[in-house]
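Let's walk through how the two chains of this model meet. Keep the structure open as you read.

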Number of protein chains: 2
Amino acid sequence: MDPSSASLRPREPRRGRRTAVTLSDVAAAAGVSPITVSRALNTPETVSEVLRGRINATVEALGYVPNRMAGALASAKTRVIPVIVPSLSNVVFVEVIEGIQETIEAAGYQMLLGSTDYDLDREAALASTLLGWAPPGVLLAGLRHLPRTATLLKNADVPVVEFMEYGARCIDMNVGLSHVRAGAVMAAHLLERGYRRIGFVGTRMRDDYRARQRYEGMRRHIAEVGGASDILFEYPWGPGQEVGWHALADVLAADPQVDALFFANDEMAVGAVLRAQRDGIAVPGRVAVAGFNGLPMSALVTPALTTITSPRKEIGKQAATMLLSRINGTPPVQRRIDVGFVLEARSST
Amino acid sequence: MDPSSASLRPREPRRGRRTAVTLSDVAAAAGVSPITVSRALNTPETVSEVLRGRINATVEALGYVPNRMAGALASAKTRVIPVIVPSLSNVVFVEVIEGIQETIEAAGYQMLLGSTDYDLDREAALASTLLGWAPPGVLLAGLRHLPRTATLLKNADVPVVEFMEYGARCIDMNVGLSHVRAGAVMAAHLLERGYRRIGFVGTRMRDDYRARQRYEGMRRHIAEVGGASDILFEYPWGPGQEVGWHALADVLAADPQVDALFFANDEMAVGAVLRAQRDGIAVPGRVAVAGFNGLPMSALVTPALTTITSPRKEIGKQAATMLLSRINGTPPVQRRIDVGFVLEARSST
DNA sequence: GGGATTTTTGGTAGCGCAACCAAAATCTGA
DNA sequence: TCAGATTTTGGTTGCGCTACCAAAAATCCC
């Protein structure tokens, strides 16, 4: 007696599901067994050329689309990599994502994108949901997460790369740059050029802790060196040129001593330069302006903007490459990579 | 004799797969049947409060993460919606994606993002792969695809929304704006302001057919009205401020008659304005400059940029909403939505 | 209070594919 | 020419979950 006869008995689809073409349909049409079709598609070199041709033709003819879920369930493998970022409105993340996308797509993987809107609870929820897809690895922005997010990812036993900032403590692997050092370097530059009252302008810094790190780096450096002071201005808006546009006037009115402004990003800084231009405020004569990120537009405004260039696409590529090498069993050369940054001293300071 | 007894026989994991906590584990630990756990998670209202509490506690305790693939395979339903766009470097798509993301996440769906890099073959491949996830619907940028892409999507029998441009022929549903009309409206504006030699500056227009449509709309309008002429300038670069920065000088040198320039997007137009500023070229005195998209920065440069504002986030939201309503069985009010656009006439023209 | 509902729980089967093992076909060398 | 090695093909089983159906328990109504 054949215990599996029940499952071989012909039947119509169990539920109202759409009756898509399945691997068995292709097999039947091509006159081979299902497993041969599976092989022809996944490991073509193990199937004779004749059958391969016939099978490919049948696949084409029937418009067969493999059910990835069934495949993933059977093989306990997916080629979908979740990428969790705080925001898509920020160009910076988009460029990192591009780097990731290029790299993983070239390796035959797909990207499942989740955005947390800077909310750590949402991040935890997202991580949990995305792990349900049994991904081969996870890419996660930032090093600060809820304890349960970290636990979840550690328990899941998948490679994880945390990208954006470089730091000592990571779940698994880490690629990024030190924002504290970037802040310090900018402070050093501004002090060197003789500015003595340096403002930092940021938005929603409770959420954007990387901006906070830059401010911290700057503040500490100024304190260490002495002879100058810093002041923080925070706006509750989303980061954008408008913030810089308004901030320039606000700040100079609120604290006329300020002779240099370090903005949390280039967009705000560009907004400030444009405002200065319109209102005839001399940059850097009246106030120096610096940004962060090294967006192309920073070089185009007049005066050209001093900024710190971060290798965003590179971060994405490195993160993806690291993850892929771990997925493929090759341990990456290093578990933590500091991609560094470059200070672009231009005429706005 | 029980034909399925074979599958009930206890066994160790078949392969070297990682032995994650499964629904059955939770059921055993909570002392209920697996199906009850499934219900407690998916349709909590159908399970008594006592059991629900016990099950949730067990889920928590064991760190159970449902295997979405198994669920999807069994129910023939996923909550993952593929979104296919030509590019992520373009802010415009990112904003549309944000609108989509917000809307579908609120409805409990996930976004699977694919980018085609303006390659229709890649688009077809991507569509095929993504359909393998048996998605409840598909969001696709643009109305122009390879025949096989359209066939694939039609055969898949899932709701599809094509977004970005509005047009007569769509696979299923469509949200966007008419780029041809936008071009014509801008032409009308420039003619009305007295410009007579109007240049259009675009990049990679073989791929970016929406920019081409705007040019076409402009060209035809100018031809219809008479008394003015147009000229096309095309750059092989990626679209960005640098293009406008260089184009302004190039164009004026190549064709000194040109008295107005309509750029394919705001970024290029802003680049041109910044260049004009640096080089002391009067805008709009020597040459008028107009952009497209209505990015925030267009209002901040001096002179403020005339542009056409497109409701990008709105397009994303509408597209997602339409798709969701179809997924939920409610046919959307309309199958095609023209979201329109607004000409922002500012001082650069 | 007893039958008819309604609510809550469980059993069974199978979604579509790939891993594992076995069998068949082909090739190799003396 | 034939045993043994190699390549190519097929059968069976189960991945973890939910649809469907049925049974049990709780509630209702006159």
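Two salt bridges turn up across the interface of chain A and chain B, a salt bridge being a side-chain nitrogen of Lys or Arg within 4 Å of a carboxyl oxygen of Asp or Glu. In one of them, the side chains of Arg122(A) and Glu105(B) come together at 2.5 Å, N to O.

Before going on: this is a predicted model, where local features need pLDDT of at least 70 and side-chain atom pairs count only at pLDDT 80 or more, while totals for chains, interfaces and linings use all residues. Residues are numbered from 1 along each chain as its sequence is written, chains are lettered from A and ligands numbered from 1 in the order in which they are written, and side-chain values use heavy atoms, leaving out hydrogens and water.

Now for the interface as a whole. Contact (heavy atoms within 4.5 Å) links 55 residues of chain A with 55 residues of chain B. Together the chains bury about 4,900 Å², with 62% of it on carbon and sulfur atoms; that is the accessible area (1.4 Å probe) that two parts lose on being put together, summed over both. Met69(A), Trp133(A) and Leu300(A) supply 14% of what chain A buries against chain B, more than any other three residues.

How do the copies relate?
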